[in-house]
Amino acid sequence: MMTHVSDILHCQKCPRFGWDLYHKKGIHEKYFHMIAPFSALWKKYLKVEDAVSGQTGDSNADTLKKMADCDVIVFARFSYRECRTQIPVLIKKEKGYHAIYPYLNCNPKDTETLRMKLDERIALTQGISILSHEIVYINKDYVRSDDLEVEKLFERGSKFFNRRNNPAKDIQECLDAMDIDLDAMINETLGILQGEQPSLKRNKTCTAGRRCLYYDECFHDQDLPDDSIVFLTTSQHKLNAFEQGCVHIRDMEPSLLEGYRLQYAQYMASLNGCFLDKVALSHWIDSVQYPISYLDFEWDTFGVPPYKGMKPFDVLCFQYSLHIEEEDHTLRHTDFFGTRDCRKDFIESLIDSLPNEGSILVYNMEGAEKLRLIQLGNQFPEYKDQLNTICDRMIDLSKPFETGVYYDNRMRGHYSLKSVLPVFTDEVSYQQLAIHDGLNAVSAYRTFEEADPSQKKKIRQDIRNYCRMDTYAEYVVFHGLKKKLKEEEDA
Ligand code: SF4
């Protein structure tokens, strides 16, 4: 069995994760939309476009032969025993080699040390001594001009970034401080990959940052009760409690609760089915003024800015949906769908469609819609004031859920719009739609340009239907909250 350094890294993270990735090999949608292959960009930046390149299937002898003929090689392939690796750039120096690792992020951390160390050791088995390392990463402050300027897009350095995203730890010192037993790591990885699928153990890796892509397969949370201890939010102790047989949130030892408001709401809901803070909810609902605009955007995230004025990892909004509810409760809908550089059309359409007064209800706006409008205001200063005014009128519909003002066990520890909607209705559901989540919408959007006219029509309609459902769901949830409050006050 042949493995790769990445298999070692995956198995170190979680044996089950490493095993699943090796044996299942699914196709996973890329998180960032790229306008060109990343390697083409960093090769241009490093001026190594014409360098000799390793190829799939190169043996050690092939690589060494290529290296004998040149000073720079990209994608140099080495193997040792049952483990292969590929080093992005190697440059011959007087006494050894200098390695360069490009990253599609702005702040590579010292968690990369192990990969470099493994590469260094494997190369050394073939007599290639890597004496120094450097990273190439994205300059977070780069603003694109008419053309993409790779010399400004990238930065390079010899230090990893710390938690505060400042360059702090010298790469070579990190590598020198790390000692590994390469044979033992290969043996351990082979043992995992050649064995049966490893048994499960819930651990922080499962949900740290982005949820593990195998989480649903691993844990079948749908079989747990609605108020399972597993759904207790921001709890240090829930996994221990779960392993020791604690089933419901109400069974948790109260002294082990950190005491956040949402945890309190979950605990009370576990006792009573749901929790509602009447005073806080009434105050929040009173802040919402008619006409009410229910607003939602869809966007794609670009690792490298595709258009003038955009920065790395900026998003491009290609769709909005807007339901407007007048004081007499009539409801109307409008939307926008654009392709390519539709930013200006998006802004103008939005300003035109929104009523001049009333509240704009948005779900989870701070990291999303509000941020998008601030970015658009920076890219198009002529609209900045109008966009800031829109931001000032926004009210976050997720707040009553996020802050534990209202909690229903059926939310199962989540407060996304999709988790909250079934609490208030079973008449509409995202499952009825061709596109039923944001990632599906982005995947469909990415296929739009290459599609034929009839496919384009369908993609456009499917995305519009999905986004329309989001703003209709906001309408249903807002009125659901009002109804719950009234029932509570009348009780
Ligand atoms: S969900 Fe957790 S246990 Fe399952 S593969 Fe991912 S990290 Fe491992």
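The model is a predicted one.

**Entry 1, overall.** I took contacts in the protein between residues at least 6 apart in sequence, and found that 63% of them join residues at least 24 apart. I counted 19 helices and 16 strands. Of the 491 residues, 33% count as buried. Along the principal axes, the C-alpha atoms fill a box of roughly 80 × 60 × 45 Å.

**Entry 2, strand E3.** I asked how many residues of strand E3 (residues 72-80) are buried. Seven of the nine are, so the rest of the structure largely encloses E3. I then looked up the strands paired with E3.

Strand E2 (residues 52-53) runs parallel to E3, and two bridges join them. In this pair I found Val52 opposite Ile73 of E3. Between E2 and E3 the chain passes through helix H4 (residues 60-68), and I noted the β-α-β crossover as right-handed.

Strand E4 (residues 83-92) runs antiparallel to E3, with eight bridges between the two. Here I found Phe78 opposite Thr85 in E4. E3 and E4 make a hairpin that has two residues between the strands. I checked the turn and noted Arg81, with a positive phi of about 50°.

Which residues of helix H17 (residues 417-424) are buried? I listed Leu417, Val420, Leu421 and Val423. Looking down the axis of H17, I saw these buried residues fall within an arc of 155°, so they line one face of the helix. As a reminder to myself, an α-helix has 3.6 residues a turn, so residues three or four places apart point the same way.

I next looked up what the buried residues of H17 pack against. The partners are helix H16 (399-402), strand E16 (406-408) and helix H19 (453-490).

The domain assignment gives domain 1 as 32-180 and domain 2 as 282-490. I noted that their C-alpha centres lie 40 Å apart. How many residues of domain 1 are in contact with domain 2? I recorded 16 residues of domain 1 in contact with 14 residues of domain 2. Sorted by class, the side of domain 1 that touches domain 2 has 11 nonpolar, two polar and three charged residues.

Conventions. Residues numbered from 1 in each chain as written. Predicted model: local features only at pLDDT ≥ 70, side-chain atom pairs only at ≥ 80, totals over all residues. Buried ≥ 20, exposed ≤ 12 C-beta atoms within 10 Å, placed from the backbone. Helix = DSSP H or I, 4+ residues; strand = E, 2+ residues; numbered from the N terminus. Arc of directions from axis to C-beta. Contact = placed C-beta atoms within 7 Å. Pairing = 2+ DSSP bridges. Right-handed = clockwise from strand over helix to strand, strands pointing away. Domains from an automatic or database assignment. Nonpolar A, V, L, I, M, F, W, Y, C, P; charged D, E, K, R; others polar.
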